[in-house]
Amino acid sequence: MTQVYSVKQLVESSCVKSSVPSSYVFPGNPDYNSIVSDQAEGIPTVDFSLLTSGNPDQRSKMIKDLGNACREWGFFMVTNHGVPYKLIDDMMSGSGDFFDLREEEKRDYAGKTLFDPIRWGTGFNPKVDKALLWRDYLKIHVHPQFNAPKKPAGFSETLEEYSKKSREVASELLKGISKSLGLEESYINKKMEMESGLCHQLLVVNLYPPCPSQPELVMGLPPHTDHGLVTLLMQNQLCGLQVFHHHKWVPVKPLPYSLLVNIGDHMEILSNGEYKSVVHRAVVNSKATRISIGTSHGPPLDTIVSPAEELVTRAPAYRGIRYREYLELQQSYQLNGKSCLDRLRIN
């Protein structure tokens with residue numbers, strides 16, 4: 001088989017019509033070899049318009065619901081978020097157009113280091129991955145310094161507008177989460193310097209091409225948690241995201257134009273384990289390309305994240321770590337559940 005640079009190119013080369021290359025066969029993880037639930041039952045929904053409502057009773061109820069979602073799932077759908085539907089559509093189409101560029105055009109962004117402004121590539125970290133992942137990606141550091149690829153035309157403007165809107169949604173969610181933890185509404189935004197103009201926002205576009213043969217043997221993204229405080233995710237209407245809940249994989253079937261939000265590792269640290277980051281994965285289908293767009297929201301890179309003193313009743317459950325160092329730590333190992341966060345636990 002001729003070596004290829006991306007999964008998209010591999011699929012288009014017709015090399016995988018009858019079998020999957022052995023380098024892409026993903027080994028099972030005994031910690032997560034659990035059954036898949038037959039339906040996405042019980043996934044919480046948060047109505048953003050009520051969370052930001054001027055009606056105290058509506059807002060109070062939504063904050064309570066938000067707290068329950070964070071505590072019981074670490075994951076929820078957000079509706080009525082105010083991000084224009086056209087902007088979401090433009091993000092999806094622009095992302096698809098980027099991956100449709102010629103390979104040599106995309107290679108202009110084949111970054112080598114974690115903090116390169118724009119990186120296009122495949123898998124997660126080929127140096128440590130046990131198997132190649134069925135995923136191509138575009139990673140862009142969009143704040144505090146905005147970056148964007150030059151092609152396709154108009155994509156940069158769409159990226160900038162969507163990044164701004166998602167920061168606004170994240171800021172309001174963090175206010176509600178603060179309140180649900182019994183803290184001042186502005187606590188997290190202030191302590192994490194989220195409104196300093198230096199907060200870190202990483203936008204990741206994931207492309208999961210169809211695997212024509214044996215999609216059950218490959219993995220788009222293995223079980224993992226996200227860095228940051230919260231991640232906002234949108235996707236085209238193809239299932240593939242699964243959340244690990246009560247020892248089962250729950251398939252996520254989002255409402256159209258909703259945003260999916262999950263608690264990140266740094267929220268677990270900050271809340272001293274009150275709200276836990278959620279393990280999730282991306283599986284692959286045999287028929288169509290799935291695209292997801294996630295934005296992680298965290299503090300400035302040099303901020304040390306540690307448990308909030310107000311939430312430590314006996315002893316801190318995690319040691320503090322500089323945000324930049326955690327991102328470097330995560331990139332140094334293969335994705336494997338909560339293994340990165342486990343390195344910071346205090347026994």
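Over residues 198-299, the chain is 6% helix and 44% strand, with its end C-alpha atoms 7 Å apart. Helices here are DSSP runs of H or I with at least four residues, strands are runs of E with at least two, and both are numbered from the N terminus. This is a predicted model, where local features need pLDDT of at least 70, side-chain atom pairs count only at pLDDT 80 or more, and totals for chains, interfaces and linings use all residues. Residues are numbered from 1 along each chain as its sequence is written, and side-chain values use heavy atoms, leaving out hydrogens and water.

**The annotated stretch**

- UniProt, in an unreviewed entry, lists residues 198-299 as "domain: Fe2OG dioxygenase". UniProt positions are given in the numbering used here, feature names are shortened, and annotations may be inferred rather than shown by experiment.
- Ile293 sits in strand β12 (residues 290-298).
- Ile293 has a relative accessible area of 0%, so it counts as buried (buried is under 20%, exposed is over 50%, partly exposed is in between, using a 1.4 Å probe and protein chains only).
- From Ile293 to His280 you go 13 residues in sequence and 15 Å in space, C-alpha to C-alpha.

**A negative patch**

- Glu157, Glu160, Glu161 and Glu168 form a negative surface patch. Patch members have over 30% relative accessible area and no salt bridge, and like charges are joined within 9 Å, while nonpolar side chains (Val, Leu, Ile, Met, Phe, Trp, Tyr) are joined within 5 Å.
- A salt bridge means a side-chain nitrogen of Lys or Arg within 4 Å of a carboxyl oxygen of Asp or Glu. Asp and Glu count as negative, Lys and Arg as positive, and His and the chain ends are not counted.
- Glu161 is part of helix α6 (residues 155-180). Glu161 is partly exposed because its relative accessibility is 34%.

- Most residues other than glycine have a negative phi, and most peptide bonds are trans.
- The His143 to Pro144 peptide bond is cis, with omega near 10°, and Pro144 belongs to the loop between β4 (136-143) and α6.
- Lys151 to Pro152 is a cis peptide bond too, with omega near -5°, and Pro152 is in the loop between β4 and α6.
- Asn80 is not a glycine, yet its phi is positive at about 50°. You'll find Asn80 in the loop between β2 (75-79) and α4 (85-99), and with a relative accessible area of 46% Asn80 is partly exposed.
- Tyr257 has a positive phi near 65° and lies in the loop between β9 (248-251) and β10 (259-263). Tyr257 is partly exposed, at 29% relative accessible area.

How values were computed:
Areas by Shrake-Rupley, 256 points an atom, 1.4 Å probe, with all protein chains shown as cover. Charge placed at Lys NZ, Arg CZ, Asp CG, Glu CD.
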